[in-house]
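Student: I would like to go through this model and ask what each label rests on.
Tutor: Go ahead; each answer will set a value against its cut-off.

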Amino acid sequence: MNRLRDKVILITGGAGSIGSAIAKAVVREGGRAIATDLAGRPGIDHALDVTSEADWQHVIGDIGKDGRLDGLINAAGIAPLGTVEGTDYALWRKVMAINLDGTFLGCKHGMGLIKRNGGSIVNISSVSGLVGGHNLAAYNASKGGVRLLTKSVALHGARQKPQVRCNSVHPTFIEGPMTDALFAEVGNPAETKARMERQIPLQRFGRPAEVADLCVYLLSDESAFVTGAEFVIDGGLTAA
Ligand SMILES: NC(=O)c1ccc[n+]([C@@H]2O[C@H](COP(=O)([O-])OP(=O)(O)OC[C@H]3O[C@@H](n4cnc5c(N)ncnc54)[C@H](O)[C@@H]3O)[C@@H](O)[C@H]2O)c1
């Protein structure tokens with residue numbers, strides 16, 4: 001229960017299903033979770049719109065005044081459906097701003113504080129950052145960007161003294177509002193969900209707590225030799 005003892009971890013999208021599960025797991029493991037999300041979202045310690053560089057500077061500055069930062073989880077994200085032809089440019093820009101620019105700004109501004117003592121950054125990508133979907137043009141592009149940004153951050157972090165590690169996590173469908181909203185956009189949501197579950201070799205969607213447990217490993221010293229790597233958590237979906 002003490003795998004993250006005394007570690008301070010900043011989480012974006014901390015009011016969401018995966019972000020809040022990670023915050024809970026950090027506390028369970030003896031760490032301190034600083035949950036951030038858009039202003040007005042429940043249970044957060046700081047309002048932080050990940051697309052706002054001023055918000056990042058303010059929150060990181062605030063934490064750094066009298067404290068340390070050992071880890072960062074970039075979990076904020078949106079997942080609208082849309083083919084390349086059906087996605088208007090404004091929506092494309094919005095997905096890029098939140099999913100990719102937000103992760104870039106987190107790595108950029110988090111690095112400065114984390115490298116004082118060394119630590120770990122975890123970027124939540126998706127299986128959609130590894131394989132394409134006909135109606136996920138913007139989401140695929142943003143999450144694929146997060147995957148390779150992670151490797152560049154890892155190589156930079158490895159040159160710091162002390163070192164900062166960075167890895168990406170690639171879940172498939174996880175139970176929660178994001179998945180519910182995706183299925184609400186298509187006809188017969190219950191039938192579509194059941195069909196998607198059957199396509200997963202382990203025959204079910206993942207749970208937020210399962211993604212959180214993987215993040216605990218990546219934040220902890222157990223993964224001290226792991227950086228620049230991609231962790232697929234998909235019930236076997238992309239193994240075939
Ligand atoms: N749920 C899934 O099936 C699934 C699968 C693969 C990857 N992911 C990824 O996991 C991450 C978390 O997803 P989730 O399932 O918890 O979704 P969620 O919708 O429950 O949570 C996402 C959170 O991000 C926040 N957010 C949105 N825009 C923001 C902004 N500009 N600044 C700060 N916060 C913002 C939302 O307020 C929300 O609390 C996302 O990056 C998502 O793409 C989710």
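Tutor: This is a predicted model. In it, an oxygen atom of the ligand is 2.6 Å from an N or O atom in the side chain of Tyr 139.

Student: Which N or O atoms lie 2.9 Å from a nitrogen atom of the ligand?
Tutor: One belongs to the side chain of Asp 49, and another is a backbone atom of Val 50.

Student: How much of the ligand does the protein bury?
Tutor: Alone, the ligand exposes 830 Å², and 92% of that is buried by the protein.

Student: Which elements give two or more residues to the shell around the ligand?
Tutor: They are helix 1 (17-28), helix 4 (137-158) and helix 5 (177-184). Helix 5 gives the most, three residues.

Student: What is the make-up of the shell around the ligand?
Tutor: The ligand is surrounded by 27 residues, which divide into 15 nonpolar, eight polar and four charged.

Student: Why does the radius of gyration of the protein agree with a compact globule?
Tutor: For 240 residues the rule gives a value near 18 Å, and the protein has 17 Å, so the two agree.

Student: What share of the residues counts as buried?
Tutor: Buried means under 20% relative accessible area, and 49% of the 240 residues count as buried.

Conventions:
Residues are numbered from 1 along each chain as its sequence is written. This is a predicted model: local features need pLDDT of at least 70, side-chain atom pairs count only at pLDDT 80 or more; totals for chains, interfaces and linings use all residues. Side-chain values use heavy atoms; hydrogens and water are left out. A residue is near a molecule or strand if one of its heavy atoms lies within 4 Å of it. A polar contact is a pair of N or O atoms within 3.5 Å; within protein, one must be able to donate a hydrogen and the other to accept it, and residues adjacent in sequence count only if both atoms are side-chain atoms. Accessible areas come from the Shrake-Rupley method with a 1.4 Å probe; for residues, only the protein chains shown count as cover. Helices (H or I, at least four residues) and strands (E, at least two) are DSSP runs, numbered from the N terminus. Ala, Val, Leu, Ile, Met, Phe, Trp, Tyr, Cys and Pro count as nonpolar, Asp, Glu, Lys and Arg as charged, and the others, Gly among them, as polar. The radius of gyration is taken over C-alpha atoms; the globule rule is 2.2 Å times the number of residues to the power 0.38. Buried means under 20% relative accessible area, exposed over 50%, partly exposed in between (1.4 Å probe, protein chains only).
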